[in-house]
Amino acid sequence: MEDQAQNLVHGNIQLAERVAPPPATNLELTVEEVVEEYVGSFGWSQFLHVLLVSLAWIFDSQNTLVTIFSDAQPSAWRCINNSSSSLCLSSSSNGDVSSVCGLMPDTWEWVSGHTSSIIAEWGLICDRRFLAAIPASLFFLGSLLGSAFFGHLADASLGRKRTVLLSCLLTSVTAFLTSLSPNIWVYSLLRFANGFSRSGIGICCIVLATEVVGRKRRGPVSQYGFFFFTAGFLSLPLIAYHTRTNWRNLYKILSLLPLAYSVLFFPFVSESPRWLLVRGRSKEALDVLKNFARLNGKTLPENLCLANPSAAGEGGENEALTKNCTEESLWRTKWAAKRMITVMIAGFGVGFVYYGVQLNIENLNFNLYFSVGLNALMEVPAVVIGTILLGLTGRRLLFSLSAFLAGISCLLCILFAHGKRAKNADKSSTGNWAQLAIEGIGFMAASVAFDVLYVYCVELFPTNVRNFAVSQSRQALMLGASIAPLLVAAGRLSPSLSFLVFGILSIFSGVISWWLPETRNAPLYDTLKQQEEDEKNRVGNQITQA
């Protein structure tokens with residue numbers, strides 16, 4: 001009886017084994033394939049993600065361009081009522097700020113008050129005039145160093161999300177401390193610290209936004225951040241006008257915004273699944289993708305697993321993958337180093353022109369608030385045009401043509417600069433309006449080139465060095481920006497010189513970009529080795545087909 005029972009059980013087990021379906025095989029896909037095929041190229045979840053990330057660009061813009069108002073030279077002065085100095089009365093009739101250099105300090109005052117700007121409060125005029133240019137230059141030097149620091153931090157340890165959070169919090173703290181500066185030297189040091197702090201926002205936000213969308217939507221999505229950069233630029237005249245009698249209040253208000261954003265909005269932002277994967281955290285990367293799919297009303301296959309960007313060795317998937325990605329170096333890889341140097345040379349010229357034109361606003365014969373507002377509005381068509389053209393043309397062509405147009409516009413401004421000097425007494429300014437129009441066209445073109453360069457750099461390098469590559473590009477932009485104030489100061493004596501240098505550098509940037517490959521509709525790679533092999537295969541296939 002026991003033997004019959006054992007045979008029956010054994011037979012049932014064999015029958016169950018024959019009837020049971022074979023175990024399901026894992027569906028191994030890359031992040032790019034999961035986004036395109038299952039999550040959606042650009043669904044509701046990605047829209048909210050990009051929106052929340054891009055908001056941080058507002059603070060990047062505000063802290064970069066605040067010096068247009070806080071460091072501006074007051075436009076008018078007057079004799080103090082109880083002053084009987086004939087020299088003061090005769091000098092005031094000239095209406096020239098330089099006329100106060102020969103006056104006693106207690107015989108005159110600024111019309112807007114002594115706290116309207118740092119120049120008014122600390123007397124940065126006459127023989128102390130050069131000191132007023134130090135804070136802006138140190139700010140961009142801080143941005144240059146901060147770009148390398150935050151770029152490496154975002155790739156190697158903290159990730160994109162936590163790096164943006166750290167950058168926003170430090171920006172808030174340094175902006176508030178700047179409002180407490182007792183003198184020009186402390187102010188300059190804190191502007192350096194503020195530039196260092198805010199540099200992590202731009203380089204990480206554009207990468208964090210573009211790494212979760214499909215390849216055809218990367219171009220337009222990368223431009224959304226620049227809309228918010230423009231919004232921050234537009235908000236400055238409105239905030240600065242209400243704090244025009246005290247520059248310290250302007251910094252205090254600006255310090256509150258990134259802090260509020262970090263507390264109220266940033267907790268809802270997701271980390272980049274691409275970065276999580278290359279760091280060996282594939283389960284977390286898959287969870288992020290599942291969350292995006294769920295919010296889009298879709299589901300991922302149960303047997304889905306993410307393909308490793310590099311082969312895992314015997315030490316296990318996570319250990320081997322992390323080791324491989326850590327050992328890869330952009331500067332030790334010949335093709336990547338050449339590409340990076342080319343991007344940085346192009347970025348230097350564009351950054352020089354883009355920031356130089358903005359800092360030069362106060363030298364135009366127009367109301368400062370009107371000029372800044374108009375310049376900010378010029379960013380809007382620049383972003384719109386850039387967004388549309390990124391979907392229609394290649395990155396290389398768009399960047400080079402924009403740089404050429406910016407350079408040609410700057411060279412054309414030389415004609416109107418001569419007219420301005422020759423007709424300085426005539427402020428009715430037909431020539432000045434023409435110069436403003438040409439400068440506007442040049443600024444819009446430089447803005448397009450500036451925005452496109454970020455997109456281009458994101459697509460030129462793989463995930464494990466992408467943030468570092470964008471930070472290097474931003475370093476070149478900031479290096480150009482740090483030198484621009486010196487040329488703007490020289491342009492007050494010789495406008496033709498500044499326009500000539502702006503034009504030549506911009507055109508050179510357009511020419512050098514032709515040594516870069518086209519990246520439109522190309523996939524985003526995860527490692528340098530993967531990208532090198534795939535690009536070689538593509539070139540080989542093109543030669544074979546030809």
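**View 1. Ser197 in helix α10 of a predicted model.** Ser197 lies in helix α10, where helices are DSSP runs (H or I, at least four residues) numbered from the N terminus. This is a predicted model, in which local features need pLDDT of at least 70 and side-chain atom pairs count only at pLDDT 80 or more, while totals for chains, interfaces and linings use all residues. Residues are numbered from 1 along each chain as its sequence is written, and side-chain values use heavy atoms, with hydrogens and water left out. Ser197 is buried, with a relative accessible area of 4% (buried means under 20% relative accessible area, with a 1.4 Å probe and protein chains only). The side chain of Ser197 reaches the backbone oxygen of Ala193 at 2.8 Å. Leaving aside residues up to four places away in sequence, Ser197 touches Phe150, Ser167, Leu170, Thr171 and Thr174 (contact means heavy atoms within 4.5 Å).

**View 2. The aromatic pair of Phe140 and Tyr355.** Rings of Phe, Tyr and Trp (its six-membered ring) pair if their centres lie within 6.5 Å, and planes under 30 degrees apart count as stacked, over 60 as edge-to-face and the rest as tilted; by this rule the count comes to 27 aromatic pairs. Phe140 and Tyr355 form a tilted pair, 5.0 Å centre to centre with 55° between the planes. Phe140 lies in helix α8 (residues 134–156) and Tyr355 in helix α16 (residues 334–359), so the pair ties together parts that are 215 residues apart in sequence. Both Phe140 and Tyr355 are buried.

**View 3. Buried residues of helix α3.** In helix α3 (residues 44–54), the buried residues are Ser45, Gln46, His49, Val50, Leu52, Val53 and Ser54. Their cover includes α2 (31–39), α4 (57–65) and α10 (184–210).

Notes:
Helix = DSSP H or I, 4+ residues; strand = E, 2+ residues; numbered from the N terminus. Buried < 20%, exposed > 50% of the residue type's maximum accessible area, 1.4 Å probe, protein only. Polar contact = N/O pair within 3.5 Å; in protein donor to acceptor, adjacent residues only side chain to side chain.
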